[in-house]
Amino acid sequence: MKIITSIDELRDQLRGQLRTAFVPTMGNLHEGHLSLVRLARRHGDPVVASIFVNRLQFGPNEDFDKYPRTFQADIDKLEKEGVYVLFAPTEKDLYPEPQEYRVQPPGNLGDILEGEFRPGFFVGVSTIVLKLFLCVQPRVAVFGKKDYQQLMIIRNMSRQLALPTEIIAAETYRAEDGLALSSRNMYLSASERIEAPHLLKTLHSLKHDIRSGRKDIAELQKIAMARLVERQWKPDYISIRKRCDLQPPNTDDLTNNEPLIVLAAAKLGTTRLIDNVEI
């Protein structure tokens with residue numbers, strides 16, 4: 001595996017490659033990331049991964065400096081998966097001057113749910129993803145469904161800007177007890193780790209209620225939030241939305257079996273977890 005830091009060297013290395021598959025990451029890799037690499041290999045060749053902790057997507061109350069960095073361990077994992085190139089730029093490589101041009105997702109998608117609780121997050125994500133796409137120029141790129149809103153924003157950006165990159169969605173990779181794998185899970189205490197799968201159970205309960213014919217969406221969401229609070233969680237949101245645009249469903253949508261998704265974000269102790277379940 002070649003480890004490349006400069007954009008010019010990356011372009012030289014990939015020149016002439018027409019089927020590049022790309023997996024962008026911020027490092028601290030786990031099996032969820034590696035599952036994206038394996039899916040990428042099924043859709044293209046060679047496989048390129050990136051590791052870059054993107055300052056633009058960290059808010060003022062989110063500690064960029066404390067984000068876990070496990071570079072050598074990440075290299076070992078990617079080598080075992082047969083990655084061709086690891087693009088690992090420094091901030092000076094990607095931002096040699098202040099990044100004044102940025103990608104602003106539409107408010108009806110970028111400012112709701114995660115965007116409401118993490119203002120500016122999706123601007124930072126969209127900007128770095130577009131920049132990485134321009135550096136790597138992949139035919140396909142793989143993103144996980146765990147970050148469902150992010151997946152939708154990137155997919156829409158790629159389509160509306162006519163980027164030559166197909167966005168592949170990977171199913172959420174879970175531990176045996178159902179907890180979605182995340183770099184943040186390492187911050188859970190032993191007792192919190194036992195409790196953490198309850199978030200998924202809550203979402204499955206909502207899914208069951210909806211499929212059973214209940215249409216009182218607001219009440220269902222309120223009850224689910226209250227049950228989490230009873231178990232010492234601090235939920236930001238539990239929200240049932242339409243899969244197509246992440247807008248709230250109306251009565252006609254429920255009657256016509258519009259494909260739905262329930263999304264959640266909640267803190268357990270000091271660790272913020274997100275998850276979702278398609279209905």
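User: What helices and strands does the protein chain have, and how many?
Analyst: The protein chain has 12 helices and nine strands. Both are DSSP runs numbered from the N terminus: helices are H or I with at least four residues, strands are E with at least two. This is a predicted model, where local features need pLDDT of at least 70, side-chain atom pairs count only at pLDDT 80 or more, and totals for chains, interfaces and linings use all residues. Residues are numbered from 1 along each chain as its sequence is written, and side-chain values use heavy atoms, with hydrogens and water left out.

User: What does the C-alpha trace span along its principal axes?
Analyst: About 55 × 40 × 35 Å.

User: And how many of the residues are buried, as a percentage?
Analyst: Buried residues make up 55% of the 279. Buried means under 20% relative accessible area, exposed means over 50%, and partly exposed is in between (1.4 Å probe, protein chains only).

User: New topic: where does glutamate 62 lie?
Analyst: You'll find glutamate 62 in the loop between β3 (47-51) and α3 (71-80).

User: Which label does its accessibility give it?
Analyst: Glutamate 62 counts as partly exposed, because its relative accessibility is 27%.

User: Which residues does glutamate 62 touch, leaving out those up to four places away in sequence?
Analyst: Gln57 and Arg118. Contact here means heavy atoms within 4.5 Å.

User: What joins the side chains of glutamate 62 and arginine 118?
Analyst: A polar contact of 2.7 Å. That term means a pair of N or O atoms within 3.5 Å; within protein, one must be able to donate a hydrogen and the other to accept it, and residues adjacent in sequence count only if both atoms are side-chain atoms. The two residues are 56 apart along the chain, with 9.4 Å between their C-alpha atoms. The side chain of glutamate 62 also reaches the backbone nitrogen of glycine 59, at 2.7 Å.

User: Okay, histidine 33: buried or exposed?
Analyst: Histidine 33 is buried, with a relative accessible area of 15%. It lies in helix α2, residues 31-43.

User: What is histidine 33 in contact with, leaving aside neighbours within four places?
Analyst: Thr25, Gly27, Asn28 and Ser183.
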